[in-house]
Amino acid sequence: MPEPRRAEVSGAGGSAAGQHAAESGLDLKPSGRVHVPSSLEDGLPTGASVGNAFVDDPVFSCRDVSVFYGDKEAVRSVTLDIGQRQVLAAIGPSGCGKSTFLRCLNRMNDTIPGARVTGTITLDGQDVYDRRRDVAQLRARIGMVFQRPNPFPKSIYENVAYGPRIHKLTRSRADLDELVCTSLQRAGLWSEVKDRLNTLATGLSGGQQQRLCIARSLAVQPEVILMDEPCSALDPIATAHIEDLIDELRASLAIVIVTHSMQQAARVSERTAYFHMGRLIEIGDTDDVFTNPQHRLTEDYITGRFG
Amino acid sequence: MLEGHTARSFDGALSSLHVHVIEMGGLVLDQVREATRAYTDWDTQCAERVIAREPAINAYEARLDDAQLTLIARRQPVASDLKAIIAMSRAVAELERAGDEAKKIARTVLRLGGRPGPATSRDARHLGQLAVDLLRLSLEAFDVLDAALAAEVIARDHDLDAEYGAGLRRLLTRAMEDPRHFDVALDAAFVLKSLERIGDHARNLARHLLSIRTAGPHPAQSKRMI
């Protein structure tokens, strides 16, 4: 702003604003409207987070979930629900444990040597970590989309048809064609690829490849899709397509999205979870988290006051 | 409250906005003081100065509106930052309206409607002093983001309202005693009303400040607790 001519002022003129703003920022008076869990006050390690971690109709229920890589505790006592047909955004600085937590949900951490998950995670009331559980079956119910689009080096058709085929979801070629078509339609890609279904998927643009990966997850009719920074390798237009797609998909399934873009979390999610140093600090309705964050750390993070 | 962003230029932009709102407030405060003096002392030169300075207030408003829009567009503020910017935008509108009231008072003098008698002058001077004090106090509160001071402004506006009611009754009594100067009394009533409105704007300013100060997370949940 151009410096306006300083008015001749008496009384409250001039300004102490600049020099006092810093001080007054520190003397926040208690508003008394927020419950402070005593465990946070005395600094004991605990899973207590502020906000409302629970929903009435959870698809996932996580209780006291901790993840260790060897001796290192990457996620500490996270308790939260993920609701049916709901978009939950997980935000937080790098290394805060949000991706690690996401990977617990479909047991992606199983493959990492030294990784250990404690606590309970249930999907529709059934224990995800039950030893008798077929992990492949589990992952069929939980789609996953990664930061970098990772289509198979096969045709567009084969990419989408692969899952239904190995899980034997269709009985005839016509059924499979139909499923490929509807999956591509739901992923908003059909009109762009319908004339080139047999060309290599790797020839698509980055945004199209990402939507193809979403179509591929949709083809096995999952209840939940996990998205790990699905837009960070995409341009704004492709990002807008994906966000629009998330809006469409929330009508039929739950989505958990890990994102570094707070604006994206604010745009696409109904609930937001803020992670910090492996702990779930705050979780609540996105409308509330981005207007009235209850925890100082959440406020500092979303308003760009880091460290 | 407004500082501590990792991108320090955001701190700078917010605090510059804050400083300019206070500057605008200083100008408005001076306008109110001068307009009241122009009326009670029947000083046309003083009234002319008030009218001449009015465009400067409007220019402040336009510039601050621009700055706020730019800040929202470029920084996408959320939570306490967003509330602070919205509150400052509202504060600017209050100040602009308070400036308008001062202009109305100055116009009464320039129209040469009728010079108030000593009793009316005294009432106007008293009410003007209360309005100036209230506005100054609310600006001081806004300057240092002091919630307690803002609460005091809100409480003190009731005194000004009561004084306005009493002043108006005295004015009516005098007008009934001597109906020949009813036009003067009518002008005086409008002046008293303007001063009362300036007090309301000061109170609203304090309310906007409280909306910033009550925003944000609970202070007890600070970093050291993790």
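**Two chains of a predicted model**

Good morning. Among contacts in chain A between residues at least 6 apart in sequence, 68% join residues at least 24 apart, contact meaning heavy atoms within 4.5 Å. In chain B, residues 24 or more positions apart account for 82% of the contacts with a separation of 6 or more.

A word on conventions. This is a predicted model, in which local features need pLDDT of at least 70 and side-chain atom pairs count only at pLDDT 80 or more, while totals for chains, interfaces and linings use all residues. Residues are numbered from 1 along each chain as its sequence is written, chains are lettered from A and ligands numbered from 1 in the order in which they are written, and side-chain values use heavy atoms, with hydrogens and water left out.

Let me begin with chain B. Chain B has six helices and zero strands; helices here are DSSP runs of H or I with at least four residues, strands are runs of E with at least two, and both are numbered from the N terminus. The C-alpha atoms of this chain fill a box of roughly 75 × 35 × 20 Å, taken along the principal axes. Of its 226 residues, 56% are buried. Buried means under 20% relative accessible area, exposed means over 50%, and partly exposed lies in between, with a 1.4 Å probe and protein chains only.

How do helices α1 and α4 of chain B pack, and at what angle? Helix α1 (residues 8-40) and helix α4 (residues 118-144) of chain B pack at an angle of about 175°, with their axes 9 Å apart. That makes α1(B) roughly antiparallel to α4(B). Angles under 35 degrees count as roughly parallel, over 145 as roughly antiparallel, 65 to 115 as roughly perpendicular and the rest as oblique. The axes are lines fitted to C-alpha atoms, for helices over the stretch in contact, and the angles run from 0 to 180 degrees between N-to-C directions. By class, the contact of these two helices has 11 nonpolar, eight polar and four charged residues. Ala, Val, Leu, Ile, Met, Phe, Trp, Tyr, Cys and Pro count as nonpolar, Asp, Glu, Lys and Arg as charged, and the others, Gly among them, as polar.

One residue of α1 in chain B is B:Thr40, which counts as buried at 7% relative accessibility. Not counting residues up to four places away in sequence, B:Thr40 touches B:Ser121, B:Ala124 and B:Arg125.

Next, the nonpolar cores. A nonpolar core is a set of buried Ala, Val, Leu, Ile, Met, Phe, Trp, Tyr and Cys residues joined through side-chain atoms within 4.5 Å. The largest has 66 residues, of which B:Val21, B:Tyr39, B:Leu95, B:Leu135 and B:Phe142 touch the most other members. Helices α1, α2 (44-75), α3 (79-110), α4, α5 (147-177) and α6 (182-213) of chain B each supply at least two residues of this core. Its largest share, 13 residues, comes from α1(B). Leaving aside neighbours within four places in sequence, B:Leu135 is in contact with B:Val28, B:Leu29, B:Val32, B:Leu95, B:Ile198 and B:Ala202. A second, separate core of 46 residues includes A:Ala89, A:Leu253, A:Phe290 and B:Ala79.

I turn now to chain A. Its secondary structure comes to 12 helices and 11 strands, and 52% of its 307 residues are buried. Helix α6 (residues 173-186) of chain A has 14 residues and reaches 20 Å from its first C-alpha to its last, close to the 20 Å expected at 1.5 Å a residue; the expected span is 1.5 Å times one less than the number of residues. Its buried residues are A:Leu176, A:Leu179, A:Val180, A:Cys181, A:Ser183 and A:Leu184. What covers them includes α5 (156-166), α7 (190-193) and α8 (206-219) of chain A. Of the 14 residues of α8(A), 13 are buried, so this helix is largely enclosed by the rest of the structure.

Finally, some backbone angles. Most residues other than glycine have a negative phi. A:Arg85, however, has a positive phi of about 45°. A:Arg85 is found in the loop between β3 (72-83) and β4 (87-91) of chain A, and is partly exposed, with a relative accessible area of 46%. Is B:Leu145, another residue with positive phi, buried or exposed? B:Leu145 lies in the loop between α4 and α5 of chain B and is buried, with a relative accessible area of 2%; its phi is near 50°. Thank you.
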